Amino acid sequence: MTVAGGMSSRGWDLPIYVTNVDPDGVVGQEGSIHKGDILLNVNGMDLTGVTRGEAVANLKNTSSPVVLKVLEMRPPEDSQQECTLPPCLTPSPTDSTKSPLPNDDYSPLWVSWLQLPR
(Lines give C-alpha, C1' and ligand atoms only; values in the text may rest on other atoms or scores of the structure.)
Protein backbone atom coordinates (compact mmCIF):
# COMPACT_ATOMS: atom_id res chain seq x y z
CA MET A 1 0.00 0.00 0.00
CA THR A 2 1.28 3.48 -0.80
CA VAL A 3 0.02 6.72 0.70
CA ALA A 4 0.18 10.47 0.02
CA GLY A 5 -1.05 13.67 1.64
CA GLY A 6 -0.16 14.90 5.10
CA MET A 7 0.61 18.27 6.61
CA SER A 8 1.90 20.86 4.11
CA SER A 9 1.23 18.57 1.16
CA ARG A 10 0.70 20.47 -2.10
CA GLY A 11 0.57 23.66 -0.03
CA TRP A 12 -2.34 22.30 2.04
CA ASP A 13 -2.83 20.23 5.16
CA LEU A 14 -4.29 17.06 3.68
CA PRO A 15 -5.33 13.82 5.31
CA ILE A 16 -3.19 10.75 4.64
CA TYR A 17 -4.85 8.89 1.76
CA VAL A 18 -4.19 5.62 -0.07
CA THR A 19 -2.76 6.04 -3.58
CA ASN A 20 -2.25 2.37 -4.44
CA VAL A 21 -2.99 -1.05 -3.02
CA ASP A 22 -0.89 -4.02 -4.13
CA PRO A 23 -3.42 -6.78 -4.88
CA ASP A 24 -0.85 -9.40 -3.80
CA GLY A 25 -0.04 -7.67 -0.50
CA VAL A 26 -1.74 -8.17 2.86
CA VAL A 27 -3.93 -5.06 2.49
CA GLY A 28 -4.95 -6.01 -1.06
CA GLN A 29 -5.77 -9.58 -0.10
CA GLU A 30 -7.82 -8.42 2.89
CA GLY A 31 -9.83 -6.26 0.48
CA SER A 32 -11.46 -3.58 2.62
CA ILE A 33 -9.01 -0.71 1.93
CA HIS A 34 -9.02 0.88 -1.52
CA LYS A 35 -7.32 3.63 -3.47
CA GLY A 36 -8.61 7.02 -2.26
CA ASP A 37 -9.49 5.92 1.28
CA ILE A 38 -8.28 8.16 4.11
CA LEU A 39 -6.18 6.62 6.91
CA LEU A 40 -7.20 7.92 10.33
CA ASN A 41 -5.01 5.84 12.64
CA VAL A 42 -2.88 2.73 12.83
CA ASN A 43 -2.93 0.62 16.02
CA GLY A 44 -4.40 3.60 17.88
CA MET A 45 -1.72 6.06 16.66
CA ASP A 46 -3.38 9.13 15.13
CA LEU A 47 -2.47 9.79 11.49
CA THR A 48 -4.33 13.11 11.28
CA GLY A 49 -2.14 16.17 11.51
CA VAL A 50 1.08 14.36 10.57
CA THR A 51 3.35 14.63 7.54
CA ARG A 52 3.48 11.87 4.96
CA GLY A 53 6.91 10.84 6.29
CA GLU A 54 5.58 10.55 9.84
CA ALA A 55 2.60 8.52 8.61
CA VAL A 56 4.84 6.15 6.64
CA ALA A 57 7.11 5.71 9.69
CA ASN A 58 4.08 4.92 11.88
CA LEU A 59 2.80 2.42 9.32
CA LYS A 60 6.19 0.71 9.01
CA ASN A 61 6.83 0.56 12.76
CA THR A 62 3.65 -1.30 13.67
CA SER A 63 3.59 -4.73 15.24
CA SER A 64 1.17 -7.53 14.43
CA PRO A 65 -1.74 -7.52 14.45
CA VAL A 66 -2.19 -4.22 12.61
CA VAL A 67 -5.47 -2.36 13.06
CA LEU A 68 -6.18 0.48 10.63
CA LYS A 69 -9.03 2.94 11.08
CA VAL A 70 -10.02 4.15 7.63
CA LEU A 71 -12.54 6.57 6.17
CA GLU A 72 -13.89 4.97 3.01
CA MET A 73 -14.02 7.39 0.10
CA ARG A 74 -16.10 5.86 -2.68
CA PRO A 75 -16.78 7.66 -5.96
CA PRO A 76 -20.41 8.40 -6.77
CA GLU A 77 -22.30 5.80 -8.77
CA ASP A 78 -21.77 6.20 -12.52
CA SER A 79 -25.49 6.74 -13.11
CA GLN A 80 -25.62 9.53 -10.51
CA GLN A 81 -22.55 11.20 -11.96
CA GLU A 82 -23.99 11.19 -15.48
CA CYS A 83 -27.20 12.78 -14.25
CA THR A 84 -25.43 15.65 -12.52
CA LEU A 85 -23.16 16.63 -15.41
CA PRO A 86 -24.41 19.43 -17.64
CA PRO A 87 -24.38 18.56 -21.37
CA CYS A 88 -21.24 20.62 -21.97
CA LEU A 89 -19.32 18.53 -19.39
CA THR A 90 -20.39 15.04 -20.44
CA PRO A 91 -17.49 12.91 -21.64
CA SER A 92 -16.98 12.83 -25.37
CA PRO A 93 -16.32 9.52 -27.17
CA THR A 94 -12.62 10.40 -27.41
CA ASP A 95 -12.43 10.86 -23.61
CA SER A 96 -13.27 7.20 -23.07
CA THR A 97 -10.29 6.08 -25.16
CA LYS A 98 -7.73 7.97 -23.06
CA SER A 99 -5.55 5.78 -20.90
CA PRO A 100 -5.83 6.16 -17.11
CA LEU A 101 -3.21 8.01 -15.13
CA PRO A 102 -0.34 5.92 -13.78
CA ASN A 103 -0.68 4.82 -10.15
CA ASP A 104 2.10 7.12 -8.94
CA ASP A 105 0.12 10.16 -10.17
CA TYR A 106 -3.13 9.14 -8.51
CA SER A 107 -5.00 11.57 -6.32
CA PRO A 108 -8.61 11.29 -5.15
CA LEU A 109 -11.30 13.38 -6.81
CA TRP A 110 -11.59 15.63 -3.76
CA VAL A 111 -7.94 16.71 -4.13
CA SER A 112 -8.80 18.37 -7.47
CA TRP A 113 -10.93 20.89 -5.55
CA LEU A 114 -7.71 22.19 -3.99
CA GLN A 115 -6.72 23.66 -7.35
CA LEU A 116 -9.53 26.21 -7.02
CA PRO A 117 -8.61 29.64 -5.64
CA ARG A 118 -8.78 29.90 -1.86
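**Exercise 1. Strand 3 and its partners**

Task: In this predicted model, find which residue of strand 3 stands opposite Tyr17. Then trace the pairings of strand 3 with strand 2, strand 5 and strand 4.

Solution: 
1. Start at Tyr17. The residue opposite is Ile38, in strand 3.
2. Strand 2 and strand 3 pair antiparallel, over two bridges.
3. Stay on Ile38 and look to strand 5. Its bridge partner there is Leu71.
4. Count the bridges between strand 3 and strand 5. There are four, and the two strands run antiparallel.
5. Move to Asn41. Its bridge partner in strand 4 is Asp46.
6. Strand 3 and strand 4 are joined by two bridges, again in the antiparallel sense.
7. Check burial. Four of the five residues of strand 3 are buried, so this strand is largely enclosed by the rest of the structure.

**Exercise 2. The buried side of helix 2**

Task: Which residues of helix 2 are buried, and what do they pack against?

Solution: 
1. List the buried residues of helix 2, which spans residues 52-60. They are Ala55, Val56, Asn58 and Leu59.
2. Test their directions. They cover an arc of only 160° around the axis, so they lie on the same side of helix 2.
3. Recall the helix geometry. An α-helix has 3.6 residues a turn, so residues three or four places apart point the same way.
4. Find the partners. The buried residues of helix 2 pack against strand 1 (2-9), strand 2 (12-20), strand 3 (38-42), strand 4 (45-46) and strand 5 (68-71).
5. Zoom in on Ala55. Leaving out residues up to four places away in sequence, it touches Ile16, Leu47 and Val50.

**Exercise 3. The core and the whole fold**

Task: How many residues make up the largest nonpolar core, and which element gives the most to it?

Solution: 
1. Count the members. The largest nonpolar core has 12 residues, including Val3, Ile33, Leu39, Val42, Ala55, Val56 and Leu59.
2. Sort by element. Strand 2, strand 3 and helix 2 each give two or more residues to this core.
3. Pick the main contributor. Helix 2 gives the most, with three residues.
4. The protein has four helices and five strands, in the order β-β-α-β-β-α-β-α-α along the sequence.
5. Of the 118 residues, 23% count as buried.
6. The accessible surface is about 8,400 Å², and carbon and sulfur atoms account for 56% of that area.
7. Finish with contact range. Among contacts between residues at least 6 apart in sequence, 51% join residues at least 24 apart.

Note on methods: Residues are numbered from 1 along each chain as its sequence is written. This is a predicted model: local features need pLDDT of at least 70, side-chain atom pairs count only at pLDDT 80 or more; totals for chains, interfaces and linings use all residues. Side-chain values use heavy atoms; hydrogens and water are left out. Buried means under 20% relative accessible area, exposed over 50%, partly exposed in between (1.4 Å probe, protein chains only). The arc is that of the directions from the helix axis to the C-beta atoms. Contact means heavy atoms within 4.5 Å. A nonpolar core is a set of buried Ala, Val, Leu, Ile, Met, Phe, Trp, Tyr and Cys residues joined through side-chain atoms within 4.5 Å. Accessible areas come from the Shrake-Rupley method with a 1.4 Å probe; for residues, only the protein chains shown count as cover. Two strands pair if DSSP finds at least two bridges between them.
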